[in-house]
Amino acid sequence: MDFEALHSANFAKLDTTVTEWDTLVNHLKILEEDARKGLRGKANKANWAGYNATVSREFIGKTAGEFDDAHTQAQSIRNILRDTRNELKTQKTELLEAIARGKGNHLLVRPQGGGFTVQDPDNKAVGGQKAVDALRDVLQGILDKATEIDTTAAASLKALVDLTDYGFSGAQYKDRDAAAAAVKNAEQLAALAKKNPEDRSVAEFDALVAGLTKHSGDEIFAEHFASTLGAKGTLEFWAGINDPYRGREIGQERLDQFDDLQKHLGLTLATATQADTAEMATWKREMINLGDQQVGKGGYTVGFQVMSNLMRWGNYEDRFLTEYGTELINTEKKMSGNGRHMPTGWAHMGMDPYLNRTGTDSGSDPMTGFMKALSNSPDAATDFFNGTFVTKDEDHDFERDTDGNGKNGKVGLTNFQYLFEERDWPPERDIKGEESITGRNNLALALEAATTGHPAGEMPTIDTPAHNADQARLVESVFASVSENPKRITDHAYMSDSLGQISAEYMPDIQRGLHPGSEGEEKLFPVAGEAAKLGENEITRVLYTVSQNPDGYASISAGQHSYTTSLMEYHFRNPEAYLADPNYSEGENLKKTIEDVARVGGEIQGTIGAGRAYANELEGGAEDNDFNEALKTTSTWVGSGVGIGVGIATAPVTGPGGIVAGGVAGTATNEILSALTEGLMKDSSDEVIYRNGEDLSATRDSTYTLIESAAQKAGEAADNPSPHVVSAAATAAEQGFNNAKSNVKDAFDGEGVPRQLDTED
């Protein structure tokens with residue numbers, strides 16, 4: 001900064017600017033609250049249906065979110081400007097005071113060019129030349145500090161604004177120092193990451209772990225770190241760290257911290273990919289281009305293998321994941337002969353480095369880490385699985401009987417069909433030397449995200465969009481595939497928790513598929529978004545198969561009871577919503593409605609109860625307690641304010657939170673779920689409901705007991721109680737449960753059916 005610029009600085013314009021930003025921040029705060037409570041609140045309570053349920057409502061939610069980001073970004077800009085102004089004012093004051101002190105000692109300070117001179121014109125200064133030099137150094141220090149303040153403020157503001165091409169950044173900084181520190185720390189850590197592994201000290205490794213752990217969520221830091229390191233540098237850094245022949249000291253001293261570095265490096269890169277800067281656009285493009293290229297000298301590790309292991313954490317930008325996945329699939333096609341054999345290049349060999357440090361697998365198969373990335377990014381997951389692996393006309397060996405004439409012909413495959421049905425997954429071992437399940441398990445998690453619209457392992461919220469057409473079509477493919485060959489799940493039972501969650505969140509679609517006839521289904525089992533079209537036979541085969549696993553059984557059971565109870569309450573409140581036959585009374589129409597709901601609920605319980613009974617039969621009853629314990633884990637649904645979330649989305653009620661979000665239900669649903677998960681209710685034999693899954697008759701008693709209670713509580717919550725309707729619901733639930741007996745037999749031709757179904761009266 002020029003001496004004269006600081007000496008004569010007039011901060012009036014900057015004061016005005018800060019004041020204007022203060023005003024803008026306050027106005028944006030009001031708009032943010034209006035958007036959150038008004039725009040988004042009204043959207044969540046509106047009666048969305050069809051295209052509007054999946055597009056318009058989501059757009060409104062994102063628009064409301066932009067107001068929050070706009071307010072946050074305005075705060076950060078205001079904070080940086082205000083802090084910069086205050087600090088520059090301080091530097092000006094210090095400059096003037098230093099000049100005044102010099103004048104008191106007969107020293108004269110004059111501007112010269114962009115700088116200044118200090119003179120002792122009368123040779124009267126106490127200290128002589130030392131005093132001249134001292135004042136010069138003080139003034140230069142003040143100018144240097146002012147220059148740093150001005151430069152870092154400009155860099156911080158530019159970095160903040162450049163994070164997004166469109167919309168606003170959610171990055172938040174309390175002052176200029178915080179934003180400037182983000183840039184400085186990123187440059188320092190990137191410099192450490194660029195060092196050769198053999199030249200990096202243990203202390204520098206510790207600095208990397210600590211720095212990335214602390215700043216991985218800082219948007220300016222992440223963008224600056226990744227773009228400074230570069231795509232090639234990123235790959236070489238993680239590959240070099242894991243090279244057993246380089247950096248042996250760190251390998252010996254800090255091997256137990258490699259997983260921490262892997263996690264927080266991955267989180268940092270995920271944050272960085274959300275930035276829209278030109279530098280990050282280059283980084284993403286180069287990373288994809290380097291995917292099939294060898295990393296470093298020697299060895300056969302390629303970019304996809306390295307990068308995919310850093311993708312196991314965080315929310316990577318959707319477009320980057322989609323383009324990355326496309327090129328990863330193209331590379332696998334070349335490596336596997338268009339899926340004819342295992343992609344041998346992904347198999348871990350004895351001398352290969354361990355690129356994954358979590359202990360679950362070696363990291364040699366890049367599809368494993370990529371699937372985990374998709375599990376955190378639902379939109380990208382949906383796009384990827386619906387993408388094409390091979391077309392019908394490509395050179396491959398995939399054939400199907402598509403028209404039922406008994407003859408196979410070549411078909412195209414989606415990425416879902418290839419990975420779920422056809423891929424020969426490379427063998428993997430975990431840290432204990434046991435066969436690793438991580439690859440296929442991550443596939444199940446990615447499918448959970450792709451079909452539900454929210455990250456795997458999480459419950460849907462009020463802001464989770466209703467299911468769209470692409471998600472619904474993918475669910476149809478999943479059900480068709482498992483129905484065609486249940487071993488795709490039973491041979492990999494650990495995938496059942498995700499399949500159970502998917503089934504639970506598509507409970508309206510499932511109940512539509514099980515209900516005989518189609519007249520008025522949209523009124524009986526309303527769905528806000530796109531409904532998946534599922535057949536009774538494939539629903540039966542899928543539910544029976546998935547419920548043989550405790551976690552899969554628990555999710556489906558809780559989902560069914562949540563949806564059934566909420567739906568009953570809705571119909572009790574709106575007795576003419578489904579049937580308004582003038583030939584019958586309102587009470588008679590309501591009775592028929594509740595019977596239909598209860599019957600389908602009982603049928604689902606009969607199907608999954610049979611699956612549970614069969615699993616216990618295979619294990620001699622050893623697993624029955626596991627099923628009871630799994631039911632307790634679904635307690636997270638109780639009091640969530642969402643119930644089954646997207647699965648309960650209803651056109652005449654409200655958005656993804658469905659009945660609960662609209663304030664129609666809640667009490668009855670929560671009470672029923674509490675009874676289910678906490679063992680508060682007993683069946684007719686005075687046993688806790690669903691405690692004995694080995695005896696299917698006990699499961700039947702538990703089912704109609706809970707559904708009867710659901711009808712009772714729903715009627716009471718709606719201020720429309722009816723003992724007659726409650727009694728009819730119990731009978732219908734029992735009928736539905738018994739219907740499952742023939743459904744399962746028909747679906748499996750008597751194979752794999754527990755003895756209880758064959759012998760029960």
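The second largest pocket holds about 580 Å³ of space. A pocket here is an open set of points on a 1 Å grid over the protein atoms alone, where a 1.4 Å probe fits, with protein on both sides within 12 Å along at least five of seven lines. Its volume is the space filled by probe spheres set on the points, which are joined across faces, edges and corners.

This is a predicted model: local features need pLDDT of at least 70, side-chain atom pairs count only at pLDDT 80 or more, and totals for chains, interfaces and linings use all residues. Residues are numbered from 1 along each chain as its sequence is written, and side-chain values use heavy atoms, with hydrogens and water left out.

**Pocket lining**

The lining of the second largest pocket has 25 residues, each with an atom within 4 Å of a point. Nearest the centre lie Ala-239, Asp-243, Arg-246, Val-295 and Lys-297. Helix α8 gives the most, with five residues. By class, the lining has 10 nonpolar, seven polar and eight charged residues. Ala, Val, Leu, Ile, Met, Phe, Trp, Tyr, Cys and Pro count as nonpolar; Asp, Glu, Lys and Arg as charged; the others, Gly among them, as polar.

**Helix pair**

Helices are DSSP runs (H or I, at least four residues), numbered from the N terminus. Helix α24 (residues 550-573) packs with helix α29 (residues 696-717) at about 35 degrees, with the axes 8 Å apart. Axes are lines fitted to C-alpha atoms over the stretch in contact, and angles run from 0 to 180 degrees between N-to-C directions. From α24, the contact (heavy atoms within 4.5 Å) includes Gln-560, His-561 and Phe-572. From α29, it includes Leu-706, Ala-710 and Gly-715. The contact of α24 with α29 has eight nonpolar, four polar and two charged residues.

**Two buried residues**

Buried means under 20% relative accessible area (1.4 Å probe, protein chains only). The contacts in the table leave out residues up to four places away in sequence.

| Residue | Helix | Relative accessible area | Contacts |
|---|---|---|---|
| Thr-677 | α28 (residues 667-678) | 4% | Leu-631, Lys-632, Thr-634, Ser-635, Val-638 |
| Asn-415 | α16 (residues 415-422) | 4% | Ile-329, Phe-384, Phe-385, Gly-387, Thr-388, Phe-389 |

Thr-677 and Trp-637 are 40 residues apart along the chain, and their C-alpha atoms are separated by 9.6 Å.

Technical notes. Helix = DSSP H or I, 4+ residues; strand = E, 2+ residues; numbered from the N terminus. Buried < 20%, exposed > 50% of the residue type's maximum accessible area, 1.4 Å probe, protein only.
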